[in-house]
Amino acid sequence: MIPVNEFRSITSEQNPQFRVLKPWWDVLSEYLGVTMLMIGVFGCTLQLTQDKISCLPNRFTDLSGGDRDCSHLRQDKENESLWEFAITKHLGPNVVEVFGRKNGLDIHQYEFVNHFCYERAVHWYGKYFPYLVVIHSMIFMVASSFWFKFPGTSSKIELFVIILGKCFDSPWTTRAISEVYEERREERMVVWRKNTMTKSPADNNDDMVSLIQSSIKSSSEQKSAEPQPTASLLDKKEGEQAKALFEKVRKFRTHVEEADLLYFMYVLQTVLKVFKFALITVYSIALVPNIQIVVMCSVPPDLTGFSAFCCNYNKAHLFSKLAYCYICFVGVYGLLCIYSLYWLFHRPLKEYSFEAVRLETGINDIPDVKNDFAFLLHLSDQYDALYSKRFAVFLSEVSECRLRQLNLNHEWTADKLRARLSRNASERLELPLFLLPGLPDTVFEISEVESLKLELISNVTVPGTISQLPALQEIVLIHSPAKLQQGALSHLRENLKVLRLGFEGPEQVPLWMYTLQSLEELHLSGALSSELSRGPGAGLLRELKNLRVLTLRCKLTKIPPSVVDVSGQLLRLSVHNEGTRLQVYNSLKKLVNLSALELTGCGLERIPSAVFSLSLLQELDLRENRLTTVEEVLSLQHCRRLTVLKLWHNDISYIPEHISKLRALEVLDLSWNKIRSLPPRLCYCTKLRHLDLSHNQLASLPAEIGILQCLQFLSVAFNSLESLPEELFSCKRVKVLALGNNSISSLSPRVGNLAQLGPAGAEGNRLESLPAELADCLSLRLAAVIVEDSLMDLLPPDVKDRMKHR
C-alpha cells in the first residue's frame, strides 16, 4: 500500500509548534482528513491488486440481437436452473467432477469481455470513487494548511509562533507576574490596616481570621518554594533575552496589527472547505446507488457469439460500504467547518481585550490589540489561554520597565557607581549618571552621595528607598523627567535642599517640585513661559517656604508673577535670558529681601529702575546685555549695601564720575567693554578689593589709583596701556596683578613694594627686562611670574634663586 505519511508530508505543515494556532475543530478536521485519505488510498490499492470484474454470457440471449437483462440473477440467485446445470462424473469413491454449462469461449475471450465490460458497463463513480476520495481529501488537507504555506501569511505565523513560545518559556514572565502579585498582596495589607482603624471590633476579628488564613497560605507557598530560591531570579543572559523579546513583540505588533490578511485567508479556506463539503455530499448521495454488484454488458456478437453478458463487479459491495462511510466522515468534517464559520463571524475576532488578564495579573497597562494580531491570539486561546496571558506580559510597558531596571542593576553595580563619585562646583560629593535607560536601584546603596545628577535619562522613577541616602541634599535632572513614589516624595519634601531642572517645555516641569518644603535652591533651565502663572504650577511656589535661591535659564519677556509668591524669603534671583529682551521688571520691586540679582542676556539698554528700590541688595550682575552707558549708576546709591557690581560683557564706552557715590563697593567688574578712560573719582570707592578692567580700550590709568589701599585684585590685561602710574605700587595689598597683552615698555622698580603679590602676568608687552626688585615681593614665586622666556633669562641668578626657593 502507499504510505499515508507520503501524503502528509505534501499536504500538511511540518512545524509542530503550529499546533498552538489549531483550535479543536481544526485538529479534529485534520484527523478526519487523514482518515478519509486512508479510505481513498485503501480503495486505490484494491483497484490495483485485485480483479475488477468477472463476466459470463447471458443464458437468455437472442441470436438476432435481442437479449435479456441480469435482474433475474439479483432476484433469485438460488435458482440454479436459470444460470447453469451440472453434469457430474464419479471418478472415485469420494471424488465428483462437476461441469458447468459449455459456452465454447476460451480464456482470451473472457479477458477481453471482462476489460471491455469494465470500461463500458460499470458506472464511472464505481470505478473512480477511490481516486475522488484521495483528491478531495488532499484538497481538504491543503485548504486547512494553505495559510501555513502562503508567503504572505507563513512568515507572520512562523514569527508569531516563535515569539509566543519564547514568551511562554521566558523566566521573566513568571517573575513579572509573581512580583505584581506580591505588590498587590502588600497593597491589600495596607488597605486592610486602614480599614481596621474604622471598623468595629467584631468586624476586625473577622478580618483578622481571614488575614491569618491568607498569611498561612502564603507562608506555606513560600516554604514550598524555598528549595528553589533562584527560580525567580534572572541572570544577565536571561535578562538580555527578555529585553530582546520586548523589542520583537513591539516590532511584530507594529507589522501585523496594520492588516487583516491572516483573518481573510483563514475565512477564505474555511469557506472553500464548506463549499467542497456541500458539493461532495450532494453528488455522492446521488451517485452511490450506482455502485452495483451485477451489471449487464452488451458485446458485439461477432466476437464471442453472445451479445449480452452478466458481469459481477467484485469490489462493488466493499466500495458501496466505503462510500457511505466516507459520506459520514465528510458530513462530520462539514459540520466542523460550518462551526468554524460560525465562530469566525459570531465573535469579533479582529479585536482582542486583555481585560481578564489585567484583572488577574494586576498589570494594568496591557493594551488591547486588533486585526491579525488579535486573530492570532484568539486562535491560541482555543489551544491554551495561558499562552496569551504569558504573552501579555511582553506587551506591558510597566513590565518592560521592570526588566530594564533589573538589567540596569546587573550592569551598574554599587562598586561601579562608587568609582564615578566626584566633587561638583558646590563641593558636594556628586554621582553623575548620563544617558542610561533608567535609575539603577544600586544607587541607593551608596550612602555617602550628597548630589545625584541624572542627565538624558528618559525613564526615571525614584523609589522610596532614596531614604537610604541620608547625605543627599541636591538632585540635578537634565532632560530627565522623573516620577516620585510616595515614600520618595515624603523623604525629599523634608530633606532636599537643592534642585536643578533642565527641560524642554513648561509641561515637563514636575508638579512634585512645588511640594518640597525644605528646598532652598531651585534652578530651572528650559523653555519656561513668562505666563507661568497660568500653568499647572500657578501660585504653587508659595509652598516653598524655605526657598532662598531661584535661577531661571530661559527666554522670558517679563519676570514670572509667581516669583512674587516667594518674595518674602528669596535672597538671590538669577535670570539667564539668552539674548531675549526682558521688558517688564515691576515684579522686582516686591523682592524686598533680595540680596543678589543677576540679569544675564536680558537685552538691557539701561539699568532697570526697579533695581534701585532693593535696599538690601548686595550683588548686582548685568552680564551680556546691551548697556552703552551707566548714567543710572547714581541711583544705585540707594542700595546702601551694594558691594558687588558686575557690568562685564556689554558695550559701555565710559564710566560716569558719580560712580564714586557707591562707597560700599568692593567688587567692580568692567571687563569686555569699550572703555577708553577711567574717571579719577572711581578711585574714591576706597573699599574696592577686586577691580577687573580687562578687554577694554584703556590707554592709561589715573594716578588716583593709589588711593585704593584695599585693592587685592587688579586686571588690566588686553588694553592699550603704555605705562603704569607709580602710585599703583603703593597699593601694598595687591595679591593678583594681570598686565598681559598691553604695550607696556617698562616695569617700575617700585613693584617690590607689593609684598603680598602672588600671580603676576605681564606677557604680550614691550618689556625689555624685569626689575630685580621682584625678589622683594615675598609672596611671589618664580613660577607665578608669567612672562616670555627671554625676559626670564635676563633676571639675575641670585634673584631667580631667591624666588625659586620660596
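Which helix gives the most to the nonpolar patch? The contributor is helix 6 (residues 124–149), with five residues. Keep in mind that this is a predicted model.

The patch itself lies on the surface and is formed by Leu 48, Trp 124, Tyr 128, Tyr 131, Ile 135 and Ile 139. Together these residues have about 610 Å² of accessible area. One of them, Ile 135, is found in helix 6. Ile 135 counts as partly exposed because its relative accessibility is 45%, a value between the 20% and 50% cut-offs.

Now for the interior. In soluble globular proteins, nonpolar side chains tend to be buried together.

| Nonpolar core | Number of residues | Residues to look for |
|---|---|---|
| Largest core | 130 residues | Most contacts inside it: Leu 499, Leu 522, Leu 597 and Leu 636 |

Leaving aside residues up to four places away in sequence, Leu 636 touches Ile 607, Val 611, Phe 612, Leu 620, Leu 642, Leu 645 and Leu 662.

Finally, visit Arg 428, in the loop between strand 8 (422–423) and strand 9 (429–434). Is Arg 428 buried or exposed? Arg 428 is buried, because its relative accessible area is 15%, and buried means under 20%. Its side chain is joined to that of Glu 474 by a polar contact of 3.1 Å. Beyond four places away in sequence, the residues that Arg 428 touches include Ser 422, Glu 450, Gln 473 and Val 498.

Methods. Residues numbered from 1 in each chain as written. Predicted model: local features only at pLDDT ≥ 70, side-chain atom pairs only at ≥ 80, totals over all residues. Heavy atoms only, no water. Patch = residues over 30% accessible without salt bridge, like charges linked within 9 Å, V, L, I, M, F, W, Y side chains within 5 Å. Areas by Shrake-Rupley, 256 points an atom, 1.4 Å probe, with all protein chains shown as cover. Salt bridge = Lys/Arg side-chain N within 4 Å of Asp/Glu carboxyl O. Helix = DSSP H or I, 4+ residues; strand = E, 2+ residues; numbered from the N terminus. Buried < 20%, exposed > 50% of the residue type's maximum accessible area, 1.4 Å probe, protein only. Core = buried A, V, L, I, M, F, W, Y, C linked by side-chain atoms within 4.5 Å. Contact = heavy atoms within 4.5 Å. Polar contact = N/O pair within 3.5 Å; in protein donor to acceptor, adjacent residues only side chain to side chain.
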